[in-house]
Amino acid sequence: AEAIVAAGMDPRTRGDVMIIGGAEIYALALPVATRVELTEVDAEPAGDTLLPAFDAHAWREVARTPHAAADGRPGFAFVTLERM
């Protein structure tokens with residue numbers, strides 16, 4: 001709520017708010033999120049930042065756009081999840 005006010009938005013109105021941040025920011029925003037725009041990559045690269053675990057049963061997939069591997073890059077899919 002504080003971030004919405006700091007962004008100059010009225011917290012009483014509904015509008016799209018995009019959360020782009022690290023794992024801690026995602027963890028704070030996920031409980032109030034109504035939609036997740038997720039990129040699934042067909043690879044397991046080294047790294048230490050992951051999307052926090054969430055209850056998959058609370059979400060439904062409403063869109064998926066797959067992209068095949070090409071030119072040395074792995075395949076991936078853009079996935080939209082909505083809270084049920």
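These legends describe close-up views of a predicted model. Local features need pLDDT of at least 70 and side-chain atom pairs count only at pLDDT 80 or more, while totals for chains, interfaces and linings use all residues. Residues are numbered from 1 along each chain as its sequence is written, and side-chain values use heavy atoms, leaving out hydrogens and water.

**View A. The largest nonpolar core has 7 residues.** Its members are Leu30, Ala33, Val36, Trp59, Ala77, Val79 and Leu81. Such a core is a set of buried Ala, Val, Leu, Ile, Met, Phe, Trp, Tyr and Cys residues joined through side-chain atoms within 4.5 Å. Strand 3 (residues 76–83) supplies the largest share, 3 residues. Strands (E, at least two residues) and helices (H or I, at least four) are DSSP runs, numbered from the N terminus.

**View B. Leucine 81 and its contacts.** Beyond its neighbours within four places in sequence, leucine 81 contacts Thr34, Arg35, Val36, Leu38, Phe54, Trp59, Arg60 and Glu61. Contact means heavy atoms within 4.5 Å.

**View C. Threonine 80 lies in strand 3.** Threonine 80 is buried, because its relative accessible area is 12% (buried, under 20%; exposed, over 50%; partly exposed, in between; 1.4 Å probe, protein chains only). Its side chain makes a polar contact with the side chain of glutamate 37, at 2.8 Å.

**View D. Isoleucine 19 sits in a loop.** The loop runs between helix 1 (2–6) and helix 2 (23–29). Isoleucine 19 is partly exposed, because its relative accessible area is 36%.

Methods: Polar contact = N/O pair within 3.5 Å; in protein donor to acceptor, adjacent residues only side chain to side chain.
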